[in-house]
Amino acid sequence: MSPILIGGLGLLCLLGVILLNVPIATAMALVGVIGTLVLDPLASVFSLFGTSTVQALSSQDLIVIPLFILMGGFAIVSGLSTEIYRLAYAWGGHLRGGLAITTVGTSAIFGAICGSSVATTATMVQVALPEMRRRGYSDALIAGSIAGGGTLGSLIPPSVIMVVYAILTQQSVLDLFRAAVIPGLVAIALYFLAIRLFLMRHPGDGQPAPRANWGERVRATTQARLTLLVAGVMLGGIYSGIFTVTEGAAIGVLLVLAASLLRKKLTRENFAATLIRAASNIGMIYLILIGAEIYKSFLTLSGLPAATVAWVGGLDLPPMVIISVVILLYLALGCVFDAMAAMILTMPFVFPLVVGQLGFDPVWWGIMNVMIIEIGMITPPVGINIFVLNGMRPDLAIKDIYRGITPFVAVDLIRILIFLLFPGLMLVLV
């Protein structure tokens, strides 16, 4: 049996094991070890665990992931998300569909502090859903704005998924953050458009709230000053070059922790719970990266990625056609696999093809990858934001959730098309 065929069988086995609900880190490490032994029975496979673990734990770039996760945890404890919602509500709640627009806007601001789509969605369920229901919004519009807006946590810098991509492909985290600014603004604008289009078809699903007076707006802005300060100092310092991404993440954690202490929101219980929850998420990400390294070593040994790149390169097709097919395959994969799993599983094949063979910019592809992954977060049957939404509020019917996210998925596809046709638009700030 040829090494390439063994590599292909290993990939199929990995997909099958993951579909059996085996954790992705375990699945990748297991398939990587067994596949390496099949290819080279004398190989010292267990040394891979040591080298991969040391490589992950000693990586300076990976430090930002625990910091961003801690910052998101303490932001929830300090109540920053509630203040952001009140601020957005005071300025936009009077518009038709204003609370849905408020939810998307709040998700974008909270995503700039949190860096996680799941955490943003879970927070908006608690903050936005009760208020939207009280104002008579339909469950479909509630679900769409929360699940769709939640994906902005992955696109609006800082983003944990962007950091993972940067580490796996040895790209600059700061360049990825800069490249994400324009797509993030376009995403927000298109989500606002999706809400208006939804209300044109279902005009009774979202009634405007009373217009806030200037005193209420000033009060809401003043109450959210700590939130705006955290986001402004952290992102402003990073983009201006005053401090590095890692230093900015550390400063963000300190500011959010200080806000929790100043407001006397931090107790021994929620402090311990935040650390435990953060440690669990951090451990999961590290294990995935260690497993991915073992899996990648097996694939490289088999020669399958190189053979795939050579085969695609031999096709007489324009690069734009090939990249379009890759994007369609990613969209299909995102309907079945978790977002980060889809990116890590395909990285050994896709990155050399897109960047090395087709010549696309690695930073451009990184943001495109994140945007495609976003769509997977809200598409059935394995859209993680849908699971979070339905898990936290079982009274939201699945059919209403699917109906609500449809316009958001539609404008997401338009956004992918825009940056596919005009890639330079994304790289203006890089």
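**Entry 1: helix α15 and its partners**

I started with helix α4 (residues 64–78) and α15, whose axes come within 9 Å and cross at roughly 20°. Axes here are lines fitted to C-alpha atoms, for helices over the stretch in contact, and angles run from 0 to 180 degrees between N-to-C directions. Helices (H or I, at least four residues) are DSSP runs, numbered from the N terminus. I noted α4 and α15 as roughly parallel, because of that angle; the classes are under 35 degrees for roughly parallel, over 145 for roughly antiparallel, 65 to 115 for roughly perpendicular, and oblique for the rest.

Before going further I reminded myself that this is a predicted model, where local features need pLDDT of at least 70, side-chain atom pairs count only at pLDDT 80 or more, and totals for chains, interfaces and linings use all residues. Residues are numbered from 1 along each chain as its sequence is written, and side-chain values use heavy atoms, with hydrogens and water left out.

The crossing of α4 past α15 is left-handed, a label given if the near helix is turned anticlockwise from the far one by less than a right angle, with right-handed for clockwise. I listed the residues in contact (heavy atoms within 4.5 Å): V64, L67, F68, L70, M71, F74, A75, V77 and S78 from α4 meet V245, T246, A249, A250, G252, V253, V256, L257, A259 and S260 from α15. I sorted the residues of this contact into 15 nonpolar, 4 polar and no charged. For that sorting, Ala, Val, Leu, Ile, Met, Phe, Trp, Tyr, Cys and Pro count as nonpolar, Asp, Glu, Lys and Arg as charged, and the others, Gly among them, as polar.

Next I turned to helix α14 (residues 225–240), which packs with α15 at an angle of about 170°, the axes being 9 Å apart. On the α14 side I found L226, V230, V233, M234 and I238, and on the α15 side V245, G248, I251, G252, L255, V256 and A259. The contact of α14 with α15 has 10 nonpolar, 2 polar and no charged residues.

**Entry 2: α8 against α22**

How do helix α8 (residues 139–150) and helix α22 (residues 398–421) pack, and at what angle? I read off about 55°, with the axes 7 Å apart. That makes α8 oblique to α22, and their crossing is right-handed. From α8 I noted D139, A140, A143, G144, S145, A147 and G148, which meet D400, I401, R403, G404, I405 and F408 in α22. By class, this contact of α8 with α22 holds 6 nonpolar, 4 polar and 3 charged residues.

**Entry 3: the core**

Of its 140 residues, M28, I65, F68, I327, W365, I367 and M368 touch the most other members. Helix α16 (residues 268–302) supplies the largest share, 12 residues.

I followed two of these residues. Neighbours within four places in sequence aside, I65 is in contact with V160, V163, V164, I167 and I285. M368 is found in helix α20 (residues 362–377) and counts as buried, at 0% relative accessibility; the cut-offs are under 20% relative accessible area for buried, over 50% for exposed and in between for partly exposed (1.4 Å probe, protein chains only). Not counting residues up to four places away in sequence, M368 touches I327, I416, F419, L420 and M426.

**Entry 4: single residues**

Is T102 buried or exposed? T102 is buried, at 2% relative accessibility. T102 lies in helix α6 (residues 98–114) and touches Y85, A88, Y89, G92 and G93, residues up to four places away in sequence not counted.

F49, in helix α3 (residues 46–57), is partly exposed at 32% relative accessible area. I found F49 and G291 to be 242 residues apart in sequence and 8.3 Å apart in space, C-alpha to C-alpha.

Last, I checked two loop residues. Q170 lies in the loop between α10 (160–169) and α11 (173–179); its phi is near 60°, a positive value in a residue other than glycine. Q170 is exposed, with a relative accessible area of 75%. K264 lies in the loop between α15 (245–262) and α16, and its phi is near 60°. K264 counts as exposed, at 75% relative accessibility.

Conventions: Core = buried A, V, L, I, M, F, W, Y, C linked by side-chain atoms within 4.5 Å.
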